Amino acid sequence: MKIVLDHLTKKFISRHNKNEIVTAVNDFDFEIPDGKLVGLLGPSGCGKSTTLNLICGLETPTSGRIFFGDLDVTELPPESRGVGMVFQNYALYPHLSVRQNILFPLENLKGDQKLSKEVMEQKALEAARLVQIDSLMERKPNELSGGQQQRVAIARALVKTPGVLLLDEPLSNLDARLRLQTREQIRRIQKETNITTIFVTHDQEEAMSISDLIVVMSAGVLQQMGKPQDVYNEPVNLFVAKFLGTPAINVFEGCIKDRGLYIGEDLIGHRDIEDQEVYVGIRPEAFDPDQNGPFRCRFDRVETTGRDTSIVCHNDHCISDEDVRAIVSADEPIAHKDGIIRFSLKQNKVHVFSKKDEKVIR
Ligand code: ATP
């Protein structure tokens, strides 16, 4: 089922100041294709949960429409939308077993939607199998790990075979290892069921690793939507460039002079644009240590974490929060002379942004 957000806006009266209006979602106008897993990504307070709540019907838009396929669902109550929802805090019933928790939404069906006991049991078992907790059906939630509890919550959301599955920070309460495992499970379940799924997270790595498409938002405004790798490779503005990637992109003050791209005195590339001050974003993997390279930094140290070797150095024009960080291959010789290390730069990993509006200049 495709989801269309048609100029969707949600405003609230500020919780802190009754005279202030907060625009949590500002004119969202995009389509989520059928059968895809879409990661909704952005910093805290950017409007991710509000977007999910609008889609499932827990919030009413201030303006705009929502369509599921061709059906306008804007006025439909949540229970008529066919949406499965999973929250961060699993919200399982502690006194009910896994089986009873999964059965719960089916037992509450009314009128001609009511199912026989056998059909309900069958559906609960199928959902449990899908999330691989069918061997734990008689356990209570407190006898399960966090990851297992979250899978029960997903089974409960899937048992009514929803057309749309919404996951609001479903991995936040899990430790690092379980997060990895559970996110792979979510990917597998989504592929097997082919249910259009929206996954909210503030963790860019999580979104990038499992999503078909990511939607990056900031302060209620859509910044960029696309395949994770495309958005990473071709960010439309400085915010997106900084938000995606660990370690983060290195940002410098630079300028264009006679088609040359400069950071300080160093001519690091060429751009066919008029003279101006710019921001230059250089991905950590863009740096190649090279004794004849054009870009000079003051060497500080080498750090090795797992497979990555980082060269940490300084440059007076760097405006990132941290030092300049270059990720290089462990086999690469790292030569520095009089405290200066030189790099050549992979040009497709160097992005130039306007100083006026921070949009990319290609
Ligand atoms: P987080 O990652 O912290 O959950 P989020 O990206 O999900 O954040 P939202 O919870 O959607 O962000 O909130 C977006 C903005 O709208 C915030 O400024 C928030 O304070 C405001 N907001 C959300 N719900 C309400 C409400 N019911 N009343 C007033 N303001 C609200």
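Gln276 is partly exposed, with a relative accessible area of 25%; partly exposed denotes the range between buried (under 20% relative accessible area) and exposed (over 50%), found with a 1.4 Å probe and protein chains only. This residue belongs to strand β14, where strands (E, at least two residues) and helices (H or I, at least four) are DSSP runs numbered from the N terminus. The structure is a predicted model, in which local features need pLDDT of at least 70 and side-chain atom pairs count only at pLDDT 80 or more, while totals for chains, interfaces and linings use all residues. Residues are numbered from 1 along each chain as its sequence is written, and side-chain values use heavy atoms, with hydrogens and water left out.

**The chain as a whole**

- The protein chain contains 8 helices and 21 strands.
- Along the principal axes, its C-alpha atoms fill a box of roughly 80 × 45 × 35 Å.
- The protein chain has 362 residues, of which 49% count as buried.
- Contact means heavy atoms within 4.5 Å. Of the contacts between residues at least 6 apart in sequence, 65% join residues at least 24 apart.
- The chain exposes about 18,000 Å², and carbon and sulfur atoms supply 47% of that area; accessible areas come from the Shrake-Rupley method with a 1.4 Å probe, and for residues only the protein chains shown count as cover.

**The largest nonpolar core**

- A nonpolar core is a set of buried Ala, Val, Leu, Ile, Met, Phe, Trp, Tyr and Cys residues joined through side-chain atoms within 4.5 Å.
- The largest such core has 35 residues, and Ile102, Ile133, Leu158 and Ile186 touch the most other members.
- Two or more residues each come from α2 (98–107), α3 (117–130), α4 (146–158), β7 (164–168) and α5 (176–193).
- Helix α4 gives the most to this core, with 6 residues.
- Leaving aside residues up to four places away in sequence, Leu158 touches Leu130, Val131, Leu165, Ile189 and Ile195.

**Strand β14 and its partners**

- Strand β14 covers residues 276–282 and is mostly covered, as 5 of its 7 residues are buried.
- Two strands pair if DSSP finds at least two bridges between them. Strand β11 (residues 250–257) runs antiparallel to β14 and is joined to it by 7 bridges.
- Within this strand pair, Ile256 has Gln276 in β14 as its bridge partner.
- Strand β20 (residues 350–354) also pairs with β14 in the antiparallel sense, over 5 bridges. Here Val278 stands opposite Ser354 of β20.
- Gln276 touches Cys255, Ile256 and Ile361, not counting residues up to four places away in sequence.
- Gln276 and Asp258 are 18 residues apart in sequence, and their C-alpha atoms are 9.8 Å apart in space.

- Thr246 and Pro247 are joined by a cis peptide bond with omega of about -10°. Pro247 is found in the loop between α8 (238–243) and β11.
- Asp27 is not a glycine, yet it has a positive phi of about 55°. Asp27 lies in strand β2 (residues 21–32) and is partly exposed, at 40% relative accessibility.
- Thr161, another residue other than glycine, has a positive phi near 40°. Thr161 lies in the loop between α4 and β7 and is exposed, with a relative accessible area of 60%.
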